[in-house]
Amino acid sequence: SGSMTVYLSVPEEATQVAVFCGDECRGVAYKESVADGKSVWIGLVYGNDSDVLTFKYYAAASRFMYRTDATATYKGETAYGDIDNPVQVSFTQVTR
């Protein structure tokens with residue numbers, strides 16, 4: 001329980017980033033500018049210890065959704081990555 005902070009490195013085309021446990025949205029990340037003109041997506045995630053989290057982003061320009069195959073395990077009152085070392089996540093386009 002509680003919350004976990006995630007720091008993600010997401011492709012530049014992303015306009016919205018969210019964190020999921022299964023099909024349930026557990027948090028939204030917001031883009032913050034950091035040093036050297038780079039940006040980090042920072043989000044507050046809610047859940048229960050050991051929940052398996054995945055990430056998705058939406059790119060408004062292409063109107064495509066992207067998802068991760070990678071997962072993170074929720075642990076309350078911790079961080080996944082940090083402002084100086086955001087987690088690099090690989091995304092694939094969602095197709096239907």
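Analyst: Exposed means over 50% relative accessible area, buried means under 20%, and partly exposed lies in between. The model under discussion is a predicted one.

User: Is Ser-50 buried, partly exposed or exposed?
Analyst: Ser-50 is found in the loop between β4 and β5. Leaving aside neighbours within four places in sequence, its contacts are Thr-73 and Tyr-74. Because its relative accessibility is 57%, Ser-50 counts as exposed.

User: What is the phi of Ser-50?
Analyst: Most residues other than glycine have a negative phi. Ser-50 is not a glycine, yet its phi is positive, at about 80°.

User: What distance separates the C-alpha atoms of Ser-50 and Val-34?
Analyst: Along the chain, these two residues are 16 residues apart.

User: Where is Arg-63 placed, and is it buried or exposed?
Analyst: The phi of Arg-63 is near 60°, a positive value in a residue other than glycine. Its place is in the loop between β5 and β6. With a relative accessible area of 66%, Arg-63 is exposed.

User: Which element gives the most residues to the largest nonpolar core?
Analyst: The largest nonpolar core has 21 residues, and those with the most contacts inside it are Leu-8, Val-10, Val-17, Leu-53, Phe-55 and Tyr-57. Two or more residues come from each of β1 (3–9), β2 (16–21), β4 (39–46) and β5 (52–59). The element that gives the most, with 4 residues, is β5.

User: Which residues does Leu-53 touch, not counting residues up to four places away in sequence?
Analyst: Leu-53 is among the residues with the most contacts inside the largest nonpolar core. With residues up to four places away in sequence not counted, Leu-53 touches Met-4, Val-19, Phe-20, Cys-21, Val-45, Ala-70, Thr-71, Ala-72 and Tyr-74.

User: Which residue in the hairpin of β3 and β4 takes a positive phi?
Analyst: β3 and β4 run antiparallel and are joined by 5 bridges. One of the pairs is Lys-31 with its bridge partner Trp-41 in β4. The hairpin has 5 residues between the strands, and the residue with a positive phi, near 65°, is Asp-36.

User: How many disulfides does the structure hold?
Analyst: A disulfide is a covalent bond between the sulfur atoms of two cysteines, and the cut-off applied to the sulfur pair is 2.5 Å. The cysteine sulfur closest to that of Cys-21 belongs to Cys-25, and because the distance is 11 Å, the pair is too far apart for a bond. Cys-25 is in no disulfide. The number of disulfides in the structure is 0.

User: Are Cys-21 and Cys-25 buried, partly exposed or exposed?
Analyst: The relative accessible area of Cys-21 is 18%, which means that Cys-21 is buried. Cys-25 has 40% relative accessibility and therefore counts as partly exposed.

User: Which element gives the most residues to the lining of the largest pocket?
Analyst: The largest pocket holds about 180 Å³ of space. Of its 11 lining residues, the closest to the centre are Phe-20, Lys-56, Tyr-57, Tyr-58 and Met-65. The elements that give two or more residues to this lining are β2, β5 and β6 (64–68). The most, 4 residues, come from β2.

User: Is Thr-5 buried, partly exposed or exposed?
Analyst: Thr-5 lies in strand β1. Not counting residues up to four places away in sequence, Thr-5 touches Ile-42, Gly-43, Leu-44, Thr-78, Ala-79 and Tyr-80. Because its relative accessibility is 22%, Thr-5 counts as partly exposed.

User: How many Å apart in space are Thr-5 and Ala-29, C-alpha to C-alpha?
Analyst: In sequence, Thr-5 and Ala-29 are 24 residues apart. From C-alpha to C-alpha, their distance in space is 9.3 Å.

Key: Residues numbered from 1 in each chain as written. Predicted model: local features only at pLDDT ≥ 70, side-chain atom pairs only at ≥ 80, totals over all residues. Heavy atoms only, no water. Core = buried A, V, L, I, M, F, W, Y, C linked by side-chain atoms within 4.5 Å. Buried < 20%, exposed > 50% of the residue type's maximum accessible area, 1.4 Å probe, protein only. Contact = heavy atoms within 4.5 Å. Pairing = 2+ DSSP bridges. 1 Å grid on protein atoms, 1.4 Å probe; cavity = no way out; pocket = protein on both sides within 12 Å on 5 of 7 lines; lining within 4 Å. Points joined across faces, edges and corners; volume = space filled by probe spheres on them.
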